[in-house]
Amino acid sequence: MKQYGIKDIKNIALAGHAGAGKTSLAEALIFKAGASDRLGKIADGNTICDFDSEEIKRKATLNLSLAAFEYSGKKINLLDAPGLFDFAGGMYEAVAAADTVMIAVSSKSGVQVGTEKAFELAKELKKPTAFAVTKLDEQEADFYGVLERLKETFGNSVCPLIVPVVKDRKVVSYVNLLEMKAYSYDAKGNAKETEMPDGELADKSGVDVEYLIAAMSEAVAETDEVLMDKFFAGEAFTQDELIDGIQMGMTQGIITPVACCSSFNLSGIDLFLKNMLFLPSADSNPAETEGGEVAYDEKASVSAFVFKTVADPFVGRMSFIKVVGGSLKPNSEYINANTGNPEKIGKIFTLCGKKQLDVTAASAGDIVVAVKIDANTSDSICQAGKTKIFKPVKFPRPCYGMAVAAKAQGDESKISTGMQRLCEEDKTLSFGMNSVTKEQILKGLGEQHLEVAVAKLKTKFGADVSLSIPKIAYRETIRRKIEGVHGKHKKQTGGSGQYGHVVMNFEPCDSETLVFEEKVFGGSVPRNFFPAVEKGLLDSMKKGVLAGCPVTGLKATLTDGSYHAVDSSEIAFKLAAGIAYREGLKKADPAILEPIGKLFVTTSDSHTGDIMGDLNKRRGRVLGMNAVRAGYTEIEAEVPMREMQSFTMNLRQITRGRGSFVLDELRYEQLPHNLVAEVVASIGESE
């Protein structure tokens, strides 16, 4: 594929709710542009963008995919993003790299939670937006009902450009308002110009062409004073003025165009492609660096950022790169601005699904892929001596965890290597060891997310694992002081024996680790045995006397004891300290501590009552509420970690996917007495 200039490159993210038709739209656009010789279908598992084995199996987009193709002298980089909430990381990557966020909306289902979330993310990252109303061939399609809902939800910025003419609930033609022409389509999606409609565009819609032209002209007039004067003078805008005004309005965030089509029978797809040509280019919006905004510039020094990493067991690490400055060339050496290390760029190419297309160079604004470089997601690649660090891609934090265990012995190294690679690829995954329970914990955005990660671990890296609910990292402590506890280890054998005797006090304290003191008088215990006593206590604290949990908040004081000149040894005093520990803790009112987390839940105002009720059932304590943005509230609470395993799914059900949360461990508190027996029994069963 040849090199394109910045104004001839269109980077478009396809986002929206799951099932809205994003992947089918991408397939239809690629086919109609002539970049593919067949029209794939999700049901058949042969689409260009959903080529991963898990995507084919589940018939859903799980990963961000790049589909680059040429059309009418332009290069279009389509970024097909997942719509399922469990795989939201792909949408964050797509929006970060895109110059326009095209949000697919089903003409049957209308505005859904995924529609709103994609729009909110685009606005947060200051990206121009557009809507693609899909599935107009289906029986229950209602374009004008959806259009009205879009205006109600997203305001007067919504501006239709391609609209259907509907008779007897069937689309008979499409009107391109920029051209002021209407087209009908045959069964193969071939267009034929037809008469412009007269009157309502659909029964009971109350909408005609004149009304839509007036609304579009008013929106365009607001982008420029000269156009505003012309509008008030009653003069009609030329097609070029409309295109420039819409492009400017999108960049300013005051116009969100709407187009419609059917990916199934290809009707309206050609009009859709034409309108994509005037969407904003990269030079319309600056890139964000740690030091401020930087314009996309072909003449500047080379700078680029990595917005996605793919761990391919055959090809190696694939880094998706968006060029900001200059021209990125193969077989060149650059600097990783984040690490300071050199980055040798070998071959670079673009992708159309999994098909690789060689690129001789990539200009500012273009998206390409490099293989086997060291850069990670969000790293910046720059020309030596002229480094810039771009702001990292913002990802949702992993919030749902499960314990991972190998099904076959000897797979531990495969699991570790595979998980590391998968976490490099998907920044919404995390993997690590719980230092208390000694379990390996995999965290993601939901149950399906972890299932797919485990499936990839098996197919890509040959490690088969099982998932289970993680153990809670309980601890034990004491609640009162106990004095004069004896611990004596005495063992006589044929030769020299073992003898160690300590007298100790135990009391609670605020320290996480053991506080050890000695107040021995008269040499009853020689000083050289003090470290052995302390070591015996430290080893013993790994298990408490109630449920075998690690002990915290313990102060031990060695006050007395005795020794034997021949039989005493370090091991004897270590064992004696352990005996004193077990006897003392039983008498010092032992208790189980449970971890408490600090929780911040962001939810729509209409669901705050339901969330607070759910938290109360989980023994949570609501500390306060704060308004975070229009229509949304943040709930701050403290909750026991043992009650939070199902919260991710419950929150999604209660809020229909609108809610999100952050949970961090805060401190330990005493477990309620009525739960002690249950916890002790559960720990005993797990061991």
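D270 is placed in helix 9, which spans residues 269-276; helices here are DSSP runs of H or I with at least four residues, strands are runs of E with at least two, and both are numbered from the N terminus. The structure is a predicted model, in which local features need pLDDT of at least 70 and side-chain atom pairs count only at pLDDT 80 or more, while totals for chains, interfaces and linings use all residues. Residues are numbered from 1 along each chain as its sequence is written, and side-chain values use heavy atoms, with hydrogens and water left out.

D270 is buried (under 20% relative accessible area, with exposed meaning over 50% and partly exposed in between, for a 1.4 Å probe and protein chains only). Apart from neighbours within four places in sequence, D270 is in contact (heavy atoms within 4.5 Å) with K32, Y71, Y185 and A191.

## Salt bridges

Side chains of opposite charge can pair when their charged atoms come close. With a salt bridge taken as a side-chain nitrogen of Lys or Arg within 4 Å of a carboxyl oxygen of Asp or Glu, the count comes to 40. K274 forms one of them with E179, the closest N and O atoms being 3.7 Å apart. This pair links distant parts of the chain, 95 residues apart, since K274 is in helix 9 and E179 is in the loop between strand 8 (170-176) and strand 9 (181-185). K274 is partly exposed at 33% relative accessible area, and E179 is also partly exposed, at 22%.

E424 and R317 form another salt bridge, with their closest N and O atoms 2.8 Å apart. E424 lies in helix 10 (residues 412-425) and R317 in strand 15 (residues 316-325), so the pair ties together parts that are 107 residues apart in sequence. Both E424 and R317 are buried.

## Cysteines

The number of disulfides (pairs of cysteine sulfur atoms within 2.5 Å) is zero. For C49, the closest cysteine sulfur is that of C352, at 7.1 Å, which is too far for a bond. C49 is buried at 2% relative accessibility, and C352 is buried at 9%.

Note on methods. Lys and Arg count as positive and Asp and Glu as negative; His and the chain ends are not counted.
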